[in-house]
Amino acid sequence: MADITRRLGWRHLRGAPTAHIRHHRDGRLLHDGPGLSFWFRALTAALSEVPVDDRELAMTFHARTSDFQDVTVQATVTYRISDPALAAARLDFSVDPDTGVWRGSPLEQLGTLLTETAQQHALDVLARTPLSSALVDGVAAVRERVAAGLGGEPRLPATGIEVVAVRVMALRPEPEVERALRTPAREQIQQEADRATYERRAVAVERERAIAENELASQIELARREEQLVEQRGTNSRREAEEHAAADAVRAEAEAARTVKLAEAEATRSVRLARAEAEGARETGEARAQAQAAWLRVHAEVDVATLNALTGTRLAENLPHIDSVTVSPDVLTGLLTRLGHGEPA
């Protein structure tokens, strides 16, 4: 929409770079081009604003396939007005000189023209295509046919319109048909999923079996090694016992030999000691006999008085030690009486 301002009975128009402005006065073309800016009088000016930018036209329409199935086509046509003068001559792009708003609906007319033309070619190609083929290759076929049909439509160049691109986003059947078509695929996918699940479970079971077999083999190998270890320990214990027994036997033999040697040495020493003791006893006996004989000879040669004196001396030597002697008068009287008579005390 053009930007129009008022100044003292004059109007000033400022157009956008993507809008082609045509200004006529009294049948003469005064201004013609995009992005113009100029003053004009509202009562004598005829203004047209033609957009020259690329426009997107979304369209949705229904078609029927060769097997009488309804489908919905969603497409987008990109177009632009390549000849603004021709478009302004064929369509009403005039704007109000006070507001800058289009007096008519030129873009809706262009949209109707493009939609009907595209729909005509899409219906033509889908009417000869079964639903299964349309769902598989229908998007490309419809796009090519619509692009070719719009490119060969004579009314578009005559109106100054150029088709830039055609896109077909979707081609879908009715919901019931779509669900029916999805069912086999879903079942197949479900079967594939179930098969994958079963295979995964089979693989898991196989792996568990392999793991169990490995564990069993490991346990068997461990038991075998434990058996070997027990046998080896028994062998080692037996060898150790045999070595200990042999060592004990050697020690016993050595101890017996030492004991025998000690016994022999002790016996030899005892014999020698006994001999020495016997010899000493014999010599002692002989010495005692000789002393006794000498004593007897001495006593035989001594007189009786001397023998009595020696006897008293010996008796005195063998008497116990007397610390003190208490003599009562009776005893003293008796001793003195005996001494007076010459009796021994």
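Two residues are in contact when heavy atoms of theirs lie within 4.5 Å, and by that rule V142 touches V73, A122, V125, L126, V168 and L171, leaving aside residues up to four places away in sequence. The structure is a predicted model, in which local features need pLDDT of at least 70 and side-chain atom pairs count only at pLDDT 80 or more, while totals for chains, interfaces and linings use all residues. Residues are numbered from 1 along each chain as its sequence is written, and side-chain values use heavy atoms, with hydrogens and water left out.

**Overall make-up**

- The protein has 7 helices and 10 strands, taken as DSSP runs (H or I of at least four residues for helices, E of at least two for strands) and numbered from the N terminus.
- Of its 345 residues, 21% count as buried, where buried means under 20% relative accessible area, exposed means over 50%, and partly exposed lies in between (1.4 Å probe, protein chains only).
- Among contacts between residues at least 6 apart in sequence, 63% join residues at least 24 apart.

**Nonpolar cores**

- A nonpolar core is a set of buried Ala, Val, Leu, Ile, Met, Phe, Trp, Tyr and Cys residues joined through side-chain atoms within 4.5 Å, and in the largest one, which has 32 residues, L126, V142 and L150 touch the most other members.
- The elements giving two or more residues to this core are β7 (55–64), β8 (70–81), α2 (106–126), α3 and β10 (161–173), and α2 gives the most, with 7 residues.
- A second, separate core of 9 residues includes A2, L13, F38 and A45.

**Helix α3**

- L135, V136 and L181 form a nonpolar surface patch with about 260 Å² of accessible area together; patches are made of residues with over 30% relative accessible area and no salt bridge, like charges being joined within 9 Å and nonpolar side chains (Val, Leu, Ile, Met, Phe, Trp, Tyr) within 5 Å.

**Salt bridges**

- A salt bridge is a side-chain nitrogen of Lys or Arg within 4 Å of a carboxyl oxygen of Asp or Glu, and the count by this rule comes to 19.
- E221 meets R224 in a salt bridge (2.2 Å, N to O) and R225 in another (3.0 Å, N to O).
- R224 and E221 are separated by about one helical turn because they are 3 residues apart in helix α5 (residues 175–301), while R225 and E221 lie 4 residues apart in α5.
- R251 forms a salt bridge with D248, their closest N and O atoms being 1.9 Å apart.
- D124, R128 and R145 are linked in a network of salt bridges.

**Positive phi angles**

- L8, although not a glycine, has a positive phi of about 50° and sits in the loop between β1 (3–7) and β2 (10–14).
- F68, in the loop between β7 and β8, has a positive phi near 60° and is exposed, with a relative accessible area of 64%.

How values were computed:
Areas by Shrake-Rupley, 256 points an atom, 1.4 Å probe, with all protein chains shown as cover.
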